[in-house]
Amino acid sequence: MQLHSELDKNIQYFEDIFTDCGDMVKRKFPISASLSRHAYVIYFDAMADRQILEASVLPRLMASAQKQPENFFVPPISLLETIKEGGMTTADLREETDVDKIIHAVLAGDTAIMVDGSETAVLVATKGFPNRGVPETSTEVVVQGSNEAFSEVMRINTALIRRRIKDPTLKVKQMQVGRRTVTDIALCYLDGIVRKEVLARAEKRIQNIDIDGILDCGALEEFIEEDYQSPFPQTQITERPDKAASAILEGRIAIVVDNSPMVILIPAIIDSFFQSAEDYNQRWEIMSLSRLIRFVAAFFALALPGLYIAVTTFHPNMLPMILTFKMAAARESIPFPAVLEVLIMEFAFELLREAGIRLPRPVGSSIGIIGGLIVGEAAVSAGIVSPIVVIIVALTGIASFAIPSYSLVAAFRLSKFLIIALAAALGLLGFWIALLILLIHLASLKSFGLPYLFPFAAGDINGFTDFKDSIFRLPIIFMKKRPIYANPEQEIRLDTAKLGNPRDRE
Amino acid sequence: MTNTAIKHDGFALNNKISLRQLQALLFLEIFGFGVTALPRRVAESAAQDGWIAVLLATAMIIPMVMIATHVTKLAPGLSFHDFASKLLTRPIGIIISLIFCTRLVLLAAFNLRIFAEITRQTMLPSTPFAAVFVSMLLLAAYGAAKGIETRARMAEVLIFIVLLPLIFVFGISGRDIDFTNLAPVLASSPASILSGSFSAFFAFSGVEVLLLLGPYLSRPKDLTKSANKVIITMGIFMAIVTAVTIARFGPANIIHQMWPVLKMMDTISLPGSIIDRQGALIMTFWIISAYATINAALFFSSLLLKDVVKRGKHSYYILGLVPIIAILAHLPENLVSVYDYFNLANSTFGLTTMVAIPLLLFIIAKIRRFKRAEY
């Protein structure tokens, strides 16, 4: 629908639409010397920045318009020109004639100004709702490195990325999803370096979403993944702008969702969940060790309880004699089978973890002490669980915190129970069957066409160069090619011609 | 298609595997199961010259591989059944496909039974066969249902898990080995070596799936070369394993070991290890080999059935084949009759699919001057 030239009809229309919207500010005021012509301003309180509006838009508009002759607003001179000449001190203006678009703009925090006799409204970009600025990292903390984190406002998030990549080919492609929430979504990528088929897939999948609302990135993730039934994350989530920028440089796409302090990185493979932003801020030897530890931790978090059950219940003769005796002695007075023992402790641990999230921060640590130390100690001395099981479960828990990605750990936590169940039924055979089930599942996953197990499987697509930044993190100088995510026509990222022999550096 | 063309075609082609993946698949499918009983079987006739028999068998299998891959490359876009039907009319195509399918089902059943026997002996003495059958078959079925791409990526990961314990064990086995057990070289009669190599020939059971792979290769042109490479590598590996195992136990003792390679892994003393017995090592090697072989047989037999019936997904046929394989695996009363049945199946169905069918297709294609497809 188009705007009417008669202001009162327009006013009536907007009044009808925004009935009972108590947070809306509407004002009609005269703008000609004789007070015969009027203007109408609408915006949402606290969605629009009142300071811009009241300091630099409205007063000047009123003051300058009153100096104009009576018939000034009669076409062909456009309203926009007048307001510009009138000295409006903001640059971000646009004209709009379509009522629906005006409504959407106002709902997003813009201010609409309409005047008598004009079929065009002026939209002033006044989006300025309260937000918490640029917060500090809370879930992906590093020892050395940036501490900025994404916040809930999309524009701030894209700015944080733009500040790190000052290149005109950094594109921020915006879309809207959700019939009612009309959530802004921005795809940030480097044109030319991104793989076109991945970008096309991502755009298509986002465009195909028809839902009433997307409130955070989790819901969006589910819509753009290949296998939404898998417990394993096929997109990576980060709160760190430096991580997002580094991903974009590698040819990946960062999806910024408005109202979410997390940014989605695609494509994501299992290897990417083992990488931390800090890996490139420390010496490569040390970080290679860290990477190795993370992979070992992943195995512990996944398989340790299952392995313990399989070995103690089915194959005690596998272990050296003395260890077998020690374990048997520890379990001597325990009334439960090993599975039940492990399950009790695992349940207790999951309980602690779940409770720890809900508790206010100051109380959280005391729960850790009560739960971990006192209850664990009491359970052992009461003879309900053996000390070895406490060690195993604690080790599993600690190992799960060594992996940088929360969502991958969550998948491991769930898979752990599959391994425990099968190991309890069939010993080592069951343990291996469970591992193979997981491996088959992981091998079947793809993230935007990229095999999830890359580079451990299908590593030859990229000539195995991706192994340089996988289980080990080799020196950056070795990584001349971009990883698999990048468009193969743009695979060189490091030109070593001028670098010369590093040993001869002056 | 050049190498770069494939790289530019997205990350990976859908439902296609690379030649590297093919090699990993073949290695896993054939090697593990082929090698476990191999030293005993060749030592039975060729004694200490068993390893020569293995090398001879490798030399015998190579021409068959070349013929099979040549046939596959004639029409890489066509499924085996379609190709055979085109060349020999549809009824004969169906018969050949069903023979092929039977062979693979028998192979799966045999391997499943052997797997269960070994599991009972080494790990789970009191667990019933049914539990082992069901769990392993369902695992293999799950893997097969996921399709060729998943199988290929699995193979690339699994091959390390299989090879590492093997290399580890054979690498440190030096101190226990008495190489004088291998002397005198070539003392056995040519006839006994030949008969040993006939047994060793069937260690390569499963190689015939090369005939079925046509539609799934991203670069069919180099199929022959990569298949030969992996078969020769495998042959050399098998010969080394055979030689080391015979040297370890001696040709007289080895024929009393049902699965000498596993026995060897189990009894070698590892210096300073926390694992007292290498049950875990055997299990990794053994479970994964069993999985790979049964999975391959299930996958390809279901594909053949699907192509013959021309309806539905291959995973439906897997579901139908699972109980059949379980029942077949349960039929023989004891281990001796298992091997009797297996020898019988090998010399009938095995020879047909490994030698007769590729030869037949090759000759008919030559006579009918079947033009090689463009690719």
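Pro455(A) sits in the segment after strand E12 (450–451) of chain A, and a cis peptide bond with omega of about 0° joins Phe454(A) to Pro455(A). Helices (H or I, at least four residues) and strands (E, at least two) are DSSP runs, numbered from the N terminus. This is a predicted model, in which local features need pLDDT of at least 70 and side-chain atom pairs count only at pLDDT 80 or more, while totals for chains, interfaces and linings use all residues. Residues are numbered from 1 along each chain as its sequence is written, and chains are lettered from A and ligands numbered from 1 in the order in which they are written.

**Chains**
- Chain A has 14 helices and twelve strands. Its radius of gyration (taken over C-alpha atoms) is 30 Å, well over the 23 Å that the globule rule gives for 506 residues, so chain A is more spread out than a compact globule. The globule rule is 2.2 Å times the number of residues to the power 0.38.
- Along the principal axes, the C-alpha atoms of chain A fill a box of roughly 105 × 60 × 45 Å.
- Chain B has 15 helices and zero strands. The radius of gyration of chain B is 20 Å, close to the 21 Å from the globule rule for 375 residues, so chain B is as compact as a globular protein of that length.
- The C-alpha trace of chain B spans about 55 × 45 × 45 Å along its principal axes.

**Sheet in chain A**
- Five strands form an open sheet in the order E6-E7-E9-E10-E8 (chain A), with antiparallel pairing; two strands pair if DSSP finds at least two bridges between them.
- The edge strands, each pairing on one side only, are E6 (170–177) and E8 (236–238) of chain A.
- Neighbouring strands of this sheet are turned by 25° against each other on average, direction ignored. Axes are lines fitted to C-alpha atoms, for helices over the stretch in contact, and angles run from 0 to 180 degrees between N-to-C directions.
- E8(A) and strand E10 (residues 263–266) of chain A run antiparallel and are joined by three bridges. Thr238(A) stands opposite Val263(A) in E10(A).
- Helix H7 (residues 217–224) of chain A packs on the sheet and touches E8, strand E9 (253–257) and E10 of chain A. The direction of this helix makes about 20° with that of E10(A).

**Helix pair in chain B**
- The axes of helix H2 (residues 19–36) and helix H10 (residues 223–249) of chain B come within 10 Å and cross at roughly 30°. That angle makes H2(B) roughly parallel to H10(B), a class for angles under 35 degrees.
- Residues in contact (C-beta atoms, placed from the backbone, within 7 Å) include Leu22(B), Phe27(B) and Phe31(B) in H2(B), and Val230(B), Met234(B) and Phe237(B) in H10(B).
- The residues of this helix contact divide into 13 nonpolar, three polar and one charged. Ala, Val, Leu, Ile, Met, Phe, Trp, Tyr, Cys and Pro count as nonpolar, Asp, Glu, Lys and Arg as charged, and the others, Gly among them, as polar.

**Interface**
- 33 residues of chain B are in contact with 30 residues of chain A.
- On the side of chain B that touches chain A, helices H1 (3–8), H7 (129–145), H8 (148–172) and H13 (279–309) of chain B each supply at least two residues.
- That side of chain B has 16 nonpolar, ten polar and seven charged residues.

**Backbone details**
- A cis peptide bond with omega of about -15° joins Ile266(A) and Pro267(A). Pro267(A) lies in the loop between E10 and helix H9 (284–314) of chain A.
- Ala47(B) has a positive phi of about 50° although it is not a glycine; Ala47(B) is in the loop between helix H3 (38–46) and helix H4 (50–74) of chain B.

Key. Contact = placed C-beta atoms within 7 Å. Parallel < 35°, antiparallel > 145°, perpendicular 65-115°, else oblique.
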